[in-house]
Structures are given as C-alpha cells and as structure tokens.
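Morning, everyone. I have one model to walk through, and I'll keep it short. Please have a look at the screen.

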Amino acid sequence: NNTDKANGKGYPLKITAVEVRVDDTDEIGTDPSKEASFVRGILSMIDWSILVQAAAQMGLNTLPPTLTEDMAQSEEFLRALYHVLMNVHLVKGMLTCPDTGREFPVTNGIADFSMEEEECENVRY
C-alpha cells in the first residue's frame, strides 16, 4: 500500500462530483457471500478516513467515521460496503490535487490525467 508514501504529495485527490451513478444491485446480480468475502480480504488495505471523505464528496454520507471490529465482522455491513466500493461511480466531475490545485476532468467515468508538454518538463521522478 503506497498511501503513506503518497500523503502530502497530492493525495488524496479532492472529488468534485457533478454526476454520480449508483448501480442497483438488483440489476447487476449479486452473490452475498462473495461480496462479503471480497471486502473482508481488502479491508486492511483501505484507508478508512480517506474512503469516508471520498464518499462524502460524492454525496454519500452514510459511512461511519470510524470502522469498528464489530462492523468488520458483520456480513450485512461488509455487503453494504461492497456496494459503496463497487456500485458507486463518478461519472462526471473533477479531481483536484491538494498540493498543486491541478484539476483533472472526469467524463463518462474516465479521469483525464494527461499533461501538457510544458508540464511534463517539470515532473521529477
């Protein structure tokens, strides 16, 4: 997980949502045990505070501010979290770097991170 390395270097990007799509689980089909198992497997990799912030920026204010062990063991909670992670999509909006203010447009769910040639000359690896 590169979260610690990225902090302070343009992470996390601020989300300005213009259009968000939430897929209905009834339309896409689900397997409750696989959903919970998937989330259980990645839960330790999720920066919870960043997820809560991103969800709020997309208009979802239902995530609790902290993740408890009881929640991490709850099949119902894990399925609800799966829904947030997999079925909520930024369709149109802007991602903004907190360090530089550079904006990256999102159109049809695709972020455009391309840079102008003169911007590339200033990039350091």
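The protein averages a pLDDT of 88, and 86% of the residues score at least 70. Confidence is lowest in helix α1, residues 3-6, with a mean of 49. It is highest in strand β4, residues 110-111, at 98. Residues 1-5 stay under 50 throughout. For that stretch the model has three contacts beyond four places in sequence. Where pLDDT is low, the predicted coordinates should not be read in detail.

Now helix α6, residues 75-87. Does the length agree with the residue count, or disagree? At 1.5 Å a residue, its 13 residues should span 18 Å. The end C-alpha atoms are 17 Å apart, so the two agree. Which residues of α6 are buried? They are Phe77, Leu78, Leu81, Tyr82, Val84 and Asn87. Remember that residues three or four places apart in an α-helix point the same way, because there are 3.6 residues a turn.

On to the strands. β2, residues 88-96, pairs with β3 in the antiparallel sense, over four bridges. Leu95 stands opposite Phe104 of β3. The two strands form a hairpin with six residues between them. In that turn, Gly101 has a positive phi of about 80 degrees.

β3 also pairs with β4, again antiparallel, over two bridges. Thr107 has Ile110 as its bridge partner in β4. This hairpin has two residues between its strands, and Asn108 in the turn has a positive phi of about 55 degrees.

Last, the faces of β3. In a regular strand the side chains alternate between the two faces of the sheet. Here Phe104 and Val106 form the covered face. Glu103, Pro105 and Thr107 form the uncovered one.

Notes:
Residues numbered from 1 in each chain as written. Heavy atoms only, no water. Expected span 1.5 Å × (residues − 1). Buried < 20%, exposed > 50% of the residue type's maximum accessible area, 1.4 Å probe, protein only. pLDDT = per-residue confidence, 0-100. Contact = heavy atoms within 4.5 Å. Pairing = 2+ DSSP bridges.
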